[in-house]
Amino acid sequence: MKIEKDTAVTLQYKVTDPSGKVLDDGKDPMAYLHGGYGNTFALLEAALEGREAGFQARIELAAKDAFGERDETLLTSIPKSQFPPGVKVGGQLRGQDESGRSQVFTVVKVKGDHVLLDGNHPMAGKTLVFQLQVLDVRSASAEEIQHGHVHGAHGHHH
Ligand code: ZN
């Protein structure tokens, strides 16, 4: 069966940067609903359109087509005293940005009595290289299409 709108696609994948450094070893396969539901990157969907199980590809995505460019205004610092105990450099915590939206911050470093936080996605600004293989293609169920995501072992769990 070919990948087309409203098919459920299961992929084995690995993500590296252009030098080959592994960013996501894709231990578990990923399943997504194909057809512009925003489950995965638009350029990945475009590369997979019309393909079948067994198809393999190496697809390079520029930062703007993946997690976006870095936004240096998302760097912020807070007093160490406001910092939850036990969080280390490289760790993450959930906070709110200036407009009150929930945002994940990565702890960049501790400097004096301040902690520097970065609200960018950890993969923002990075070119991503996907090595992927299509494991399975099937028709999505009416319920999956209504929900806009795939159910089952590698899909969405309610
Ligand atoms: Zn659902």
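1. Let's start with the overall burial. Of the 158 residues in the protein chain, 35% count as buried. Keep in mind while you look around that this is a predicted model.

2. Next, the parts list. The protein chain has two helices and nine strands. Read from the N terminus, the order of elements is β-β-β-α-β-β-β-β-β-β-α.

3. How is the chain divided into domains? Domain 1 takes in 7–67 + 124–147, while domain 2 covers 72–118. Notice that domain 1 is written as two stretches of sequence. Taken over C-alpha atoms, the centres of domain 1 and domain 2 are 31 Å apart.

4. Now for the metal. Which residues coordinate the zinc ion? The answer is H147 through ND1, and H149, H151 and H158 through NE2, at 1.9 to 2.1 Å. Along the chain these donors follow the spacing H-x1-H-x1-H-x6-H. H147 sits in helix α2 (residues 142–147) and H158 in the segment after α2, so this pair ties together parts that are eleven residues apart in sequence.

5. What about the geometry of that site? The angles subtended by the four donor atoms around the zinc ion are 96 to 124°, and that makes the arrangement tetrahedral. For four donors to count as tetrahedral, all angles have to lie between 85 and 135 degrees, so you can check the call yourself.

6. Stay with the two ends of that histidine set for a moment. Is H147 buried, partly exposed or exposed? Its relative accessibility is 35%, so H147 counts as partly exposed. H158 has a relative accessible area of 70%, which puts H158 in the exposed class.

7. On to the aromatic rings. How many aromatic pairs does a search of the whole structure find? It finds two. In one of them, the ring centres of F41 and F67 are 5.2 Å apart and the planes stand at 90°, so the pair is edge-to-face. F41 belongs to the loop between β3 (30–33) and α1 (42–48), and F67 to the loop between β4 (56–61) and β5 (75–79), so the pair links parts that are 26 residues apart in sequence. F41 is buried, with a relative accessible area of 17%, whereas F67 is partly exposed at 34%.

8. Put together, F41, F67 and F130 form one aromatic cluster.

9. Two of those rings turn up again at a pocket. The second largest pocket holds about 190 Å³ of space. Its lining has 14 residues, and Y13, M30, T40, F41 and F130 lie nearest the pocket's centre. Which elements give two or more residues to that lining? They are β1 and β9.

10. Most residues other than glycine have a negative phi. D6 is not a glycine, yet D6 has a positive phi of about 70°. You will find D6 in the segment before β1 (7–16). With a relative accessible area of 23%, D6 is partly exposed.

11. K80 is placed in the loop between β5 and β6 (92–96), and K80 is partly exposed with a relative accessible area of 45%. K80 and H114 are 34 residues apart along the chain, and their C-alpha atoms are separated by 4.9 Å. For the other distance, go to A42 in helix α1. A42 is exposed, with a relative accessible area of 61%. From A42 to A140, 98 residues apart along the chain, the C-alpha separation is 19 Å.

Terms used. Residues are numbered from 1 along each chain as its sequence is written. This is a predicted model: local features need pLDDT of at least 70, side-chain atom pairs count only at pLDDT 80 or more; totals for chains, interfaces and linings use all residues. Side-chain values use heavy atoms; hydrogens and water are left out. Domain bounds come from an automatic or database domain assignment. Donors are N, O and S atoms within 2.8 Å of the metal (3.2 Å for Na, K and Ca); water is not among the atoms, so sites may look incomplete. Four donors count as tetrahedral if all angles lie between 85 and 135 degrees; four count as square planar and six as octahedral if opposite donors are over 155 degrees apart and all others between 65 and 115; anything else is irregular. Helices (H or I, at least four residues) and strands (E, at least two) are DSSP runs, numbered from the N terminus. Buried means under 20% relative accessible area, exposed over 50%, partly exposed in between (1.4 Å probe, protein chains only). Rings of Phe, Tyr and Trp (its six-membered ring) pair if their centres lie within 6.5 Å; planes under 30 degrees apart count as stacked, over 60 as edge-to-face and the rest as tilted. On a 1 Å grid over the protein atoms alone, a cavity is a set of points where a 1.4 Å probe fits but cannot get out, and a pocket is an open set with protein on both sides within 12 Å along at least five of seven lines; lining residues have an atom within 4 Å of a point. Grid points are joined across faces, edges and corners, and a volume is the space filled by probe spheres set on the points.
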